[in-house]
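Reader: I would like to go through this model term by term, with each label set against its cut-off. Please start once the structure is shown.

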Amino acid sequence: AAEPLKADRDLVLDAVRKHGTALKHAAEPLKADRELVLEAVRQHGRALEYVAEPLKADRELVLEAVRQDGGALEYAAEPLKADRELVLEA
């Protein structure tokens, strides 16, 4: 997609609600948009792979991702990979 489209929040939000992994193509600032990222991981847990690094340490967001797809845990920040509740959810 063209760069302006990758930065269009409404367009990207609509895309990740249908296909969470569409986050891969979003502009970098949108990968740090917590609300948008939450929608993406609720639709497809492994979209966590494309999330901005600081949000990979957001426990609530990672929990949503692993509830949708346990394999998403591999993309979480290291300290969360040892979180008992997250591991049990995965």
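Reader: Among contacts in the chain between residues at least 6 apart in sequence, what share joins residues at least 24 apart?

Author: The share is 35%, where contact means heavy atoms within 4.5 Å. The model is predicted: local features need pLDDT of at least 70, side-chain atom pairs count only at pLDDT 80 or more, and totals for chains, interfaces and linings use all residues. Residues are numbered from 1 along each chain as its sequence is written, and side-chain values use heavy atoms, with hydrogens and water left out.

Reader: How do you know what secondary structure the chain has?

Author: Helices (H or I, at least four residues) and strands (E, at least two) are DSSP runs, numbered from the N terminus. By that assignment the chain has six helices and zero strands, and along the sequence the pattern reads α-α-α-α-α-α.

Reader: What makes the chain as compact as a globular protein of that length?

Author: The radius of gyration is taken over C-alpha atoms, and the globule rule is 2.2 Å times the number of residues to the power 0.38. For 90 residues the rule gives 12 Å and the chain has 12 Å, so the chain counts as compact as a globular protein of that length. Along the principal axes, the C-alpha trace spans about 40 × 20 × 15 Å.

Reader: Why is Asp 33 called buried?

Author: Buried means under 20% relative accessible area, exposed over 50%, and partly exposed in between (1.4 Å probe, protein chains only). Asp 33 has 17% relative accessibility, so Asp 33 counts as buried. Asp 33 lies in the loop between H2 and H3. Not counting residues up to four places away in sequence, Asp 33 touches Arg 9 and Leu 55. Over the whole chain, 42% of the 90 residues count as buried.

Reader: What makes the approach of Asp 33 to Glu 35 a polar contact?

Author: A polar contact is a pair of N or O atoms within 3.5 Å; within protein, one must be able to donate a hydrogen and the other to accept it, and residues adjacent in sequence count only if both atoms are side-chain atoms. The side chain of Asp 33 reaches the backbone nitrogen of Glu 35 at 3.2 Å. This contact is at the start of H3.

Reader: Which residues of H3 are buried, and what covers them?

Author: In H3 (residues 34–43), the buried residues are Leu 36, Val 37, Leu 38, Ala 40 and Val 41. Their cover includes helix H2 (9–18) and helix H4 (59–68). In H4, the buried residues are Leu 61, Val 62, Leu 63, Glu 64, Ala 65 and Val 66, and what covers them includes H3, H5 and helix H6 (84–89).

Reader: What makes a set of residues a nonpolar core, and how many residues has the largest?

Author: A nonpolar core is a set of buried Ala, Val, Leu, Ile, Met, Phe, Trp, Tyr and Cys residues joined through side-chain atoms within 4.5 Å. The largest has 27 residues, and those with the most contacts inside it are Leu 23, Val 41, Leu 48 and Val 62. H2, H3 and H4 each supply at least two residues of this core. Beyond its neighbours within four places in sequence, Leu 23 has contacts that include Val 16, Leu 36, Val 37 and Tyr 50.

Reader: Why is the pair Arg 46 and Asp 69 called a salt bridge?

Author: A salt bridge is a side-chain nitrogen of Lys or Arg within 4 Å of a carboxyl oxygen of Asp or Glu. The closest N and O atoms of Arg 46 and Asp 69 are 3.0 Å apart, which meets that rule. Arg 46 lies in the loop between H3 and H4 and Asp 69 in the loop between H4 and helix H5 (78–81), so the pair ties together parts that are 23 residues apart in sequence. Arg 46 is partly exposed, at 31% relative accessibility. By this rule the count comes to 16 salt bridges.

Reader: How far apart in helix H5 are Lys 81 and Glu 78?

Author: Lys 81 and Glu 78 are three residues apart, and therefore separated by about one helical turn. Their side chains form a salt bridge at 2.9 Å, N to O. Lys 81 is partly exposed at 29%, while Glu 78 is exposed at 56%.
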